[in-house]
Number of protein chains: 2
Amino acid sequence: MSAALELFVERGYAATRLEDVAARAGVSKGTVYLYFSGKEALFQAVIREGLLPALEQGERLAAGHGGSAAQLLADLLRGWWELVGAQKVGGLPKLMIAEARNFPQIARFYHDEVIVRGHRLLGQALELGMARGEFRRCELEPTLSILFAPVLMLAVWRHSFVPCGCTDGPPEAYLESCIDFILRALAPESARGGETPT
Amino acid sequence: MSAALELFVERGYAATRLEDVAARAGVSKGTVYLYFSGKEALFQAVIREGLLPALEQGERLAAGHGGSAAQLLADLLRGWWELVGAQKVGGLPKLMIAEARNFPQIARFYHDEVIVRGHRLLGQALELGMARGEFRRCELEPTLSILFAPVLMLAVWRHSFVPCGCTDGPPEAYLESCIDFILRALAPESARGGETPT
DNA sequence: CAGTGGTGACTGACCGGTCAGTAATGTAGG
DNA sequence: CCTACATTACTGACCGGTCAGTCACCACTG
């Protein structure tokens, strides 16, 4: 599955040959069929098993968090980058974006079990901050999509343009810029200054 | 080329059959080869011809703009949505993200001629705002990527998850939320309040 | 020797690309 | 106006390569 993830992310579903997946995994093509009923089942398994552990870890992090809402939000984004974005599973968003229309039921699953759940997680931090007066009042839904888009793009980029020699800066610095940008946009109307994240 | 754009965006490069492109264009497969030397040449043509006109129009808009930097930035983003995001070419970013690694030289072209050029355009608005004191001082590069990511994601989403029944709200409202979010994040450290875009 | 896990040659469908052929539109000549 | 030839635009059957999926066979273990 690790080999399949790499190749699917690298080349896309249709352009990935099962023989190559098998070769990278160090087995023969027939062996793949001992564990997966076919190419699509392998794809589905890669998607389903890839992100759920990280999501659960994120939920644990949120549950046991004691700091400010800004801290929680920043920690969630940093945690997502470390656990997902910077790992091999960080290619899954790109893969899912590319293949969603060809596999509507898998896209549905990804949407319901990954995106919606992730938004719920970030939404907790946002609501906490609004309740506490740390953040200004705003609509949850567009705001969640907007604030997650830059870090999501970071992961997508690293699996599309970056390998083509289109360089970008160090991802950690970019991530910190994102967090800074987001916290500024969420700051209450009045009372500004000095809310730079630690 | 219009038919090819639609199908490439819908299914991805590898999963698109030239016979289907021909059928949608109302011609036969052989005819495609009268105008393009092969599948990859068709792909390249779709990418190259797709976005350059819109980019030029954006540059004209920026050149002849008299309002505030915030106005210019908002107009550029709205213009991008109307001219690109909401049109068929709005699927190109998704397509390019999905296929960049399989076509490095086309990805290079797209990066240099579309992304970098687009950033330069938005960068003008950002620099203008900083010079005028409308925006806080910040690094150009990460900021441009961050502020464009949400609207880019909007276009990508509409060609991946939305057609799978994963609904989202009206794009125009989301776009206005983006603009509001961005302008808040760019506001100077002091002096806040009432900078809602008109 | 039975059972288990693994192999890789093989098959058949599929699709990019080719090309001999057809139809439509000149156009020249009587 | 009719006929014959030339040119252009297009067609779709066909070919060859590729790859998902199959299955007869192998090797190892207890």
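Student: Why is the approach of Ser28(B) to a phosphate oxygen of DNA strand D called a polar contact?

Tutor: In this predicted model, a backbone N or O atom of Ser28(B) lies 2.5 Å from a phosphate oxygen of DNA strand D. A polar contact is a pair of N or O atoms within 3.5 Å; within protein, one must be able to donate a hydrogen and the other to accept it, and residues adjacent in sequence count only if both atoms are side-chain atoms. The value 2.5 Å is within 3.5 Å, so the pair qualifies.

Student: What makes Tyr35(B) a polar contact of a phosphate oxygen of DNA strand D?

Tutor: A polar side-chain atom of Tyr35(B) is 2.6 Å from that oxygen, so the pair meets the cut-off.

Student: Why is the pair Arg136(A) and Asp180(B) called a salt bridge?

Tutor: Their side chains come to 3.6 Å, N to O. The term needs a side-chain nitrogen of Lys or Arg within 4 Å of a carboxyl oxygen of Asp or Glu, and therefore this pair counts. Between chain B and chain A the count is six salt bridges.

Student: How do you know how many residues of chain B are in contact with chain A?

Tutor: Contact means heavy atoms within 4.5 Å. By that test, 48 residues of chain B touch 48 residues of chain A.

Student: On what terms are such values given?

Tutor: Residues are numbered from 1 along each chain as its sequence is written, and chains are lettered from A and ligands numbered from 1 in the order in which they are written. Local features need pLDDT of at least 70, side-chain atom pairs count only at pLDDT 80 or more, totals for chains, interfaces and linings use all residues, and side-chain values use heavy atoms, with hydrogens and water left out.
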